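Please look through the model shown below, and keep it in view while you read the paragraphs that follow.

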Number of protein chains: 2
Amino acid sequence: MKRYYKLDEWKIIEEEFVPDRNKMAESIFSIGNGQMGQRANFEESYSGESMQGSYVAGIYYPDKTRVGWWKNGYPEYFAKVLNAANWIGINITIENEELDLAKCEILSFKRVLNMKEGYLERIFTARLNNGNEIKVAAKRFISLVKQEVAAIKYSVTPLNFSGKIIFCPYIDADIENEDSNYDEKFWKEVDKKTYNREAYIIARTRKTKFHVATGMYFNITQEHVSVDFKTKKIEKKKYVANSSTVECQQGQETVLYKYVANLSSENHEKGKLLKNTKKTTRDASKIGFEILLHEHIKAWAEKWKESDIVIEGDLAAQQGIRFNIFQMNQTYTGEDPRLNIGPKGFTGEKYGGSTYWDTEAYCVPFYLSTADSNVARNLLKYRHNHLQKAIKNAEKLGFTNNAALYPMVTMNGEECHNEWEITFEEIHRNGAIAYAIYNYINYTGDNDYLHEYGLEVLLGISRFWAQRVHYSEEKKQYVMLGVTGPNEYENNVNNNWYTNYIARWTMKYTIEAIGFVKDKNKEAFNKIVNKWDFNERKETSDWKDKILKMYLPENKEKGIFLQQDGYLDKEQILVADIDNSMKPLNQKWSWDRILRSPFIKQADVLQGLYFFEDDFTKDTVEKNFDYYEKRTVHESSLSPCIHSIIASDLGKRKMAYDFYLQTARLDLDDYNHEADEGCHITSMAGTWMAIVEGFGGMRVKNNQLHFSPYLPGKWTSFAFKIRFRGHLLAINISKKTIEIKNSFNKAITLVVNNNEVEVAANQTIKTS
Amino acid sequence: MKRYYKLDEWKIIEEEFVPDRNKMAESIFSIGNGQMGQRANFEESYSGESMQGSYVAGIYYPDKTRVGWWKNGYPEYFAKVLNAANWIGINITIENEELDLAKCEILSFKRVLNMKEGYLERIFTARLNNGNEIKVAAKRFISLVKQEVAAIKYSVTPLNFSGKIIFCPYIDADIENEDSNYDEKFWKEVDKKTYNREAYIIARTRKTKFHVATGMYFNITQEHVSVDFKTKKIEKKKYVANSSTVECQQGQETVLYKYVANLSSENHEKGKLLKNTKKTTRDASKIGFEILLHEHIKAWAEKWKESDIVIEGDLAAQQGIRFNIFQMNQTYTGEDPRLNIGPKGFTGEKYGGSTYWDTEAYCVPFYLSTADSNVARNLLKYRHNHLQKAIKNAEKLGFTNNAALYPMVTMNGEECHNEWEITFEEIHRNGAIAYAIYNYINYTGDNDYLHEYGLEVLLGISRFWAQRVHYSEEKKQYVMLGVTGPNEYENNVNNNWYTNYIARWTMKYTIEAIGFVKDKNKEAFNKIVNKWDFNERKETSDWKDKILKMYLPENKEKGIFLQQDGYLDKEQILVADIDNSMKPLNQKWSWDRILRSPFIKQADVLQGLYFFEDDFTKDTVEKNFDYYEKRTVHESSLSPCIHSIIASDLGKRKMAYDFYLQTARLDLDDYNHEADEGCHITSMAGTWMAIVEGFGGMRVKNNQLHFSPYLPGKWTSFAFKIRFRGHLLAINISKKTIEIKNSFNKAITLVVNNNEVEVAANQTIKTS
């Protein structure tokens, strides 16, 4: 394995500039605050390989889909997050030569992502072709406190000359998505204004007509004093800039502070965007870079207080998990239920920035434990807001009675994916959305969520499942044909065990939820019954019949559940039998060969055993794990974490640790050679789960937190923070003891290694 | 059902111009000669709805594929037949007004496709906006005799004025495919020349670099005498024309004869194309329109002599079958083994003009019986020529040992389709290619074909099947997973009965063929063994094991073969249960709903029972027919003919006739509302089969022709011609008797209704 960045517990450090790895570094060193995100592109011109990326949350474009062969039911478009205005740009010209690291000699280079404090820093010295040597230090952050504000401190020091340097900060809204299906540009200019030391552009998206205003206010200092400089306004199509010529002395630092605002029509009246943006940049400039940064660092400290994991004895693991937590917190902050989490977050365009079932299956547990319960609640409400669209989606596929099928991939609740075997058939996503409701309530105890939002969603999903199965005269049971399970290396299979199981579970849980709501809040229940024309007696009795007679394929002799009908007909070869030259299968084998092989992309039966572990004996889990593990190639970043957690649970500690290592530094060490496209944000939540649920053994059962921790690998200790129903708990596992600190004014009773322990208010206890 | 054209036994007649139906008529009235084809576009300008279509056999372009989600193994391109230079164009201008039927008043209009004589005629009178009334008669044909020549006779008669008329015949090579994936033009100009009364363009295709020269030579007559006129040469990009102004008198016909040649670099050296094209047009002009037409009509008479079917008592059926035979003969003439038959022939762009399994399954029987055996032989050699490419194709999918997988869709032997469930999985096509070899030899007795070409192909295909199955520990038999059968309303199924059966049959037949060649021509056999590194003992014993233990799903209780594993798990609904508003399913249902339904697009198990009928008892065939017929929606044009033949065989005569009617006039009556895209050429062969094999009960067994005919529907008699091993037989079935005429200097013994009858040389017998 190759290490590209220096190990450090709080920082990602790149100590030399490798142009071939620049796009990868641009992903890794991305910054964001949940409302906007920015890849680590350079401020100054760069003509080398780069993928410019600047994203504004919630702003998307419905790009016309491109398919070879249209299937009835396909959506007309694929929504994609937009690459938005470049706000970082500062062109530097020294004696007619533009600074461009692809064209001059780099004498030294260092790029640092400070995860503790949430900023990106870059320091380099370079010799231009005209012989002039300069030192540049660039620091930037996107404020966690003022969510529409970003700031850049860009300093240039002439090392071997004195002379005029032209600083030209700009905003460029003439941006194209790399993944534009028809090579179109998605932005049109609405308005622009350029003043002395400030400039603004309002651009609107085609079709969706979002308006985004991007503005900058800047000043330039030498020796901490504002320089008196004149600017030349530059305006081009979708582009504004201010060219500023400054006299610079050898050895003296000249600093440009650029205060940026990105405001969107999602949060402001279109008519007020310009005014509000001006106010935002001007206010930021008055506060100043250092104070803005200071309050930003404080906000990060708060985040870390609740979500940090400390690992001792393994610096690479420490850096890896912090990087993952950092990226999760940069991607989603949970204030806005219109937003969600794309697989690449704000670090790239792939997957269109859209929402997948990753959110419910992987991200919800992370935010449940590391943030206020409103954060996870908002992720859930996102789906509730889209219920009507999920019903429309199901209608399009022939379902009735307000059955709901949530989209496989979405930006605004509408389906925007177009592979029939995924779009129409990977319907287990519906189950994960139901499961997340259970998971949220189980963790938070927020039962009110059911009558407020949850039950309506459960009703729609259960109605879908009830229609999606039918009675097989042959099997005398209910079957579900033509699905794709979590293991996408099988398509259009019959009776995927996981999907059948979660469908049955959803109907069961919905019946439970109905009973609960009816009991606790009859009025709310009646409202729901009327709104959804719910025939409780008839529908629940239909569900009960289907629950009772649901077909769940298994092989009793082997003691395993069958991933799907006919799985045992497959050639009985194991991952261990595959020659390394054949890996990864998805690059080396044709699709049909992958499909008919027994090989599994990611946890499928095992995903079900993970979700519903209490339904099964350890022996059953182990038999299935032993069987399927040997056939799983983990070619999805979402796979090893589930295997790791189950392995931990089964006491297969070496395995658990090995799986953990596969994801913890997936992007940092670029295992899959694709970090250039962006980071695997949603799988980062899985890494967190592998530590807390796997090594920490955390579960919530009957309103109680359980732990059964152990120290993996060479770790000498590890500690994590958990929020649980008002409590902030710090759990510290070392070789001999387990220390639990309860930062709350109420006691809590936990179960540690099957023993109840009470931790008094604001106390720490040690146990083992 | 709606009739768009007047019934006539030898003609298709359109008696009024309906702009909305023009594109459909352009398909129906297409003409071609196997080397080129032309939709029935107008010679003069037409600004209304039209799909221009001119095609030159073998000239294609590898258009970059467009897919939403790339799968490993996909071909980089989709080859498509090219829309080539417009050679029919003759613009007419009368007192500054261009003749355009979309812009003037049509007083009368008649379009006739004379199938007996192979030409298209159009006669109309029109009143221009300037008040001038004219009569136009346009006649054109593509010569069956001089295959690079076409000719047009275009006459204009002023009805209420005398004056100057500008005739501007042109060649326009600036043509775009409607189905261009990226809206690109595929032609580039190489050269052009314009002379008095003649003009030439050489265009070359991008990437494939085919050169096509298109030229014209024309003259203009009045009262059968050449008019003295001056031409103005017009040259534009990829366009040449000759504007000719002629004084015309009221009531007097002015005729323009346009002699056209289309020569391609497939048949001429590139450097000689211009010269050869000039010679071709000039020679044609010297021969003159009427003589060219006369020899063309004679050639058509020869075709009809061998392939005509005469139906009495049902004019619609008579017209329908002649239209089908006419189109088949226009599409493929069998001289050139580089050519094949696209599903739309030369009548449209859909399916890219490429070759599908339609050729082997449907077209080969037609040409076997209605043409010299070399015609079918060339269709077979087409695949032999592509054997190396089929081996490469299989290698790409992971197969070894020179296993061959023929492409699903091809122009030059390379796969050019990109839907994984079809490209990689609809592998039964390989079986049809093997079956065609058997069928050809069985029909012709040309056993030499085996050692010359056939055995090599069989070897490659059997090697493929042997690797494509594997032994299921569960079933203790060989299984074939992840295929798509002929019924494309199922994708990625396991153990499609038809595919497993034809795979097993191929291996059996290959072993037989090996025995035969070894026995008859040891030297040829040894050559093949060496060339293909064939380990006879080892490989055939492996095949024998697989033949013995091939899994063929069936349900003994119902007495049926199962279309695939799990077919009986499907909801047991029948076509009769589907509300009409739901049909056709492929337009009304989403793809997943179609897939999980029991509904069948086209004969699948029944296709196997048709191919291998002698392997099964009538009872078995009937049980399967009764079961699957009720579940078949026939949403492929290739389906009803197979059902019709089996129904005939089972004595279900009403059904057989109803199925026949579904295809016989498919395009003429535009059942599927898609004739505007082109005609269903390959399914036309199926219609022929439904008559000859179905109603005529023709089979070849043990080198003998068998018939067991009956009169369907209201037919009072029908007669068909059959070529069989030198004999030309005319079979005439009437109410009481069966008349058989043997036009050959040798006697033949046939089996009619299970009785042997001998027909002496050049004699006719009557039997019953």
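This is a predicted model: local features need pLDDT of at least 70, side-chain atom pairs count only at pLDDT 80 or more; totals for chains, interfaces and linings use all residues.

The same surface serves both copies, since 100% of the contact residues of chain A recur in chain B; two residues are in contact here if their C-beta atoms, placed from the backbone, lie within 7 Å. Residues are numbered from 1 along each chain as its sequence is written, and chains are lettered from A, with ligands numbered from 1, in the order in which they are written.

The contact between the chains takes 43 residues from chain A and 43 residues from chain B. On the side of chain A that touches chain B, the elements giving two or more residues are β21 (470-472), α14 (585-588) and α15 (591-596) of chain A, and α15(A) gives the most, with 5 residues. Helices (H or I, at least four residues) and strands (E, at least two) are DSSP runs, numbered from the N terminus. By class, this side of chain A has 11 nonpolar, 17 polar and 15 charged residues, where Ala, Val, Leu, Ile, Met, Phe, Trp, Tyr, Cys and Pro count as nonpolar, Asp, Glu, Lys and Arg as charged, and the others, Gly among them, as polar.

Chain A also holds an open sheet of 5 strands in the order β20-β27-β28-β29-β32, with antiparallel pairing; two strands pair if DSSP finds at least two bridges between them. β20 (309-312) and β32 (764-767) of chain A stand at the edges, each with a single partner strand, so one side of each has no neighbour in the sheet.

In chain B, B:G58 is found in strand β4 (residues 54-64). Is B:G58 buried or exposed? B:G58 counts as buried because it has 20 C-beta neighbours inside 10 Å, the rule being that 20 or more other C-beta atoms within 10 Å make a residue buried, 12 or fewer make it exposed, and numbers in between make it partly exposed, with C-beta atoms placed from the backbone. Leaving out residues up to four places away in sequence, B:G58 touches B:S264, B:E266, B:R338 and B:L339.
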